[in-house]
Amino acid sequence: AVAAVGTGQRMVWVFQALLMAVMTGTTALVARAVGSKNMIEAAHITRLAIGVSLGLSLFTTLIIVVFAETFISIFGLDPVAQELAVTYLTISILFIPFMTFGMVIGAALRAAGDVKTPMYIGIFTNIIAIYLLLGLVNGQYGMPKLGIVGAALAMGISFTLGTIIQLYLWVAGKLVVPLGKMGSFTKERFNQLITVSYPAGI
């Protein structure tokens, strides 16, 4: 089971690296906008980055769900471990599109100089993750014992909760980066994001 979880996580991290490239571009462009005292542009960049990351995550999620067994077979696990790894991967990856919102907002906040809000939300998320891991994997706290399925659900649910908190704060106007308005997607802004993000994704 440990080998299965580790292998599944490796595949998730591989595809998360693509999203981290967009986070790098988001950080750079938001920091530049904030430095220029242009918070509206910072909001536009954040909204655009969410759209790009969401599209990318949906695409990669579809690829992984369809070809999960093929990807996992690369690692040469025994049949039982491979089946568990495929299960863990297919469940975990379904949460990635939801998590992209939190990843982008967190990157934008840090670029704008607010490192505390993402940190506090991250601490809360990890506490919930530990609680759910103990509950759903081992069957503690009155929860069902789900084993490797519980491990995947625990991580996905905890990070999704963190994303919901960030989205609420952003929509409610309680973050340093404003929500912004429609019109974030322009060819120039998109090209800037891709140009800055591309080197980090290589």
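A residue counts as buried when its relative accessible area is under 20%, and as exposed when that area is over 50%. This report uses those terms for a predicted model.

**The salt bridge**

Side chains of opposite charge can pair when their charged atoms come close. How many salt bridges does a search of the whole structure find? The search finds one. Its partners are arginine 189 and glutamate 41, with their closest N and O atoms 2.9 Å apart. The pair joins distant parts of the chain. Arginine 189 sits in helix α7 (residues 187–201), glutamate 41 sits in helix α2, and 148 residues separate them. Are these two residues buried or exposed? Arginine 189 is buried, and glutamate 41 is buried too.

**The pockets**

Rolling a probe the size of a water molecule over the atoms shows where empty space is left.

| Pocket | Volume | Lining residues | Lining by class |
|---|---|---|---|
| Largest pocket | about 360 Å³ | 17 residues | eight nonpolar, eight polar, one charged |
| Second largest pocket | about 220 Å³ | 13 residues | nine nonpolar, four polar, no charged |

Start with the largest pocket. Which residues lie nearest its centre? They are Gly102, Met103, Arg110, Phe159 and Gln166. Four helices each supply at least two residues of this lining: α1 (2–35), α4 (96–111), α5 (116–138) and α6 (148–171). Helix α4 gives the most, with six residues.

Now the second largest pocket. Val12, Gln16, Tyr88, Met99 and Met155 are the lining residues closest to its centre. Helices α1, α3 (79–93), α4 and α6 each supply at least two residues of the lining. So which helices supply at least two residues to the linings of both pockets? They are α1, α4 and α6.

The surface carries a nonpolar patch of about 470 Å². Five names make it up: Leu62, Val65, Val66, Phe67 and Leu94. One of them, valine 66, belongs to helix α2 (residues 39–73). Why does valine 66 count as exposed? Its relative accessibility is 54%, and the cut-off for exposed is over 50%, so valine 66 qualifies.

Valine 66 is exposed, whereas glutamate 41 is buried.

Notes
Residues numbered from 1 in each chain as written. Predicted model: local features only at pLDDT ≥ 70, side-chain atom pairs only at ≥ 80, totals over all residues. Heavy atoms only, no water. 1 Å grid on protein atoms, 1.4 Å probe; cavity = no way out; pocket = protein on both sides within 12 Å on 5 of 7 lines; lining within 4 Å. Points joined across faces, edges and corners; volume = space filled by probe spheres on them. Nonpolar A, V, L, I, M, F, W, Y, C, P; charged D, E, K, R; others polar. Patch = residues over 30% accessible without salt bridge, like charges linked within 9 Å, V, L, I, M, F, W, Y side chains within 5 Å. Areas by Shrake-Rupley, 256 points an atom, 1.4 Å probe, with all protein chains shown as cover. Salt bridge = Lys/Arg side-chain N within 4 Å of Asp/Glu carboxyl O. Buried < 20%, exposed > 50% of the residue type's maximum accessible area, 1.4 Å probe, protein only.
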